[in-house]
Amino acid sequence: MRKNVVAGNWKMNTTLEEGVELANQINSLLKGKTVNCDVVVCVPFTHLTSVNAVLESELVKLGAENCSEHEKGAYTGEVSAAMVKSTGATHVILGHSERRQYFGENNEQLLAKTKLALANGLTPIFCVGEVLEERENGTYNDVVKCQVEALFDLSAEDFGKIIIAYEPVWAIGTGKTATAEQAQDMHAHIRKVIEDKYGKEVAEDTSILYGGSCKPGNAPELFAKPDVDGGLIGGAALEAESFLGIIEAC
Ligand code: PGA
């Protein structure tokens, strides 16, 4: 059975001190609570070790926001999957639309990153999603299918370890959420694309998260949809109470 997951994506926010404080607050708020999902916080590389020290891993898991497509060596400024793993992190966001858009990450690089993350025992949270123009011209299903197919070099066993996050780019940080119906339609489409390649069992077991202006107010309606298995949360994950509100919607 697939798991519900609520993952925070802090992006390039918080100093180290602020990040540790936020992690502490999230950890405290979750103490003694029974929640119906895995909780993950994905934080800047600089924060991983310190945040790991304050999280109780049975309450909150730790992730990075990216990793290199290279294993190691002369790549100044890059951070490898093995380095991320060595901090205590268990997850890594890959292919976020901001990485695709501002840093030109392509399908080939994202496959390499995904393979290295898996080889190092990290769970990739692999992001897909169309831009506004593609939503408006009706090509969004094909666009997202191509993004998912970028991973089809993986074995069924490896694909089964991945979490997919559907994040329509026009909904990220804009306050404009996809409707629960739009999210459900796309999640069902993604599951079908997975099923056609890897079979029903892998498709049914894959957690598919929604991301894009998800808030405590709209999370219950989104998460109630059968193919929406939680969320990848940006802005609302930077405030412990609102992040908790979304976790409780699961
Ligand atoms: P948002 O970001 O919740 O601020 O829209 C989501 C994301 O980019 O992961």
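Is D229 buried or exposed? In this predicted model, D229 is buried, its relative accessible area being 3%; buried denotes under 20% relative accessible area, exposed over 50%, and partly exposed the range in between, computed with a 1.4 Å probe on protein chains only. Residues are numbered from 1 along each chain as its sequence is written, and side-chain values use heavy atoms, with hydrogens and water left out. Because the model is predicted, local features need pLDDT of at least 70 and side-chain atom pairs count only at pLDDT 80 or more, whereas totals for chains, interfaces and linings use all residues.

D229 belongs to the loop between α11 (219-223) and β8 (230-233); helices (H or I, at least four residues) and strands (E, at least two) are DSSP runs numbered from the N terminus. Its side chain forms a polar contact of 2.8 Å with the side chain of R2. A polar contact is a pair of N or O atoms within 3.5 Å; within protein, one atom must be able to donate a hydrogen and the other to accept it, and residues adjacent in sequence count only if both atoms are side-chain atoms. Leaving aside residues up to four places away in sequence, D229 touches R2, K3, N4, V5, R191, T206, S207, I208 and L209, where contact means heavy atoms within 4.5 Å.

Strand β8 itself contains G231, which is buried at 0% relative accessibility. With residues up to four places away in sequence again excluded, G231 touches V5, V6, A7, L209, Y210 and F223.

The loop between β1 (5-9) and α1 (16-30) includes K11, and T14 is placed in the loop between β1 and α1 as well. Most residues other than glycine have a negative phi. K11, however, has a positive phi near 55 degrees, and T14 has a positive phi of about 80 degrees. K11 is partly exposed at 22% relative accessible area, and T14 is partly exposed at 26%.

Helix α1 packs against helix α12 (residues 240-248) at an angle of about 40 degrees, with the axes 9 Å apart. Axes are lines fitted to C-alpha atoms, for helices over the stretch in contact, and angles run from 0 to 180 degrees between N-to-C directions. The two helices α1 and α12 are therefore oblique to each other: angles under 35 degrees count as roughly parallel, over 145 as roughly antiparallel, 65 to 115 as roughly perpendicular, and the rest as oblique. The contact brings L22, Q25, I26, L29 and L30 of α1 against A240, E241, F243, L244 and I247 of α12. By class, this contact of α1 with α12 has 8 nonpolar, 1 polar and 1 charged residues; Ala, Val, Leu, Ile, Met, Phe, Trp, Tyr, Cys and Pro count as nonpolar, Asp, Glu, Lys and Arg as charged, and the others, Gly among them, as polar.

A further helix pair is formed by α7 (residues 140-149) and α9 (residues 180-198), which pack at about 45 degrees with axes 10 Å apart. This angle makes α7 oblique to α9. Y140, N141, V144, K145 and V148 of α7 meet M186, H189, I190, V193 and I194 of α9. The residues of this contact of α7 with α9 divide into 7 nonpolar, 2 polar and 1 charged.
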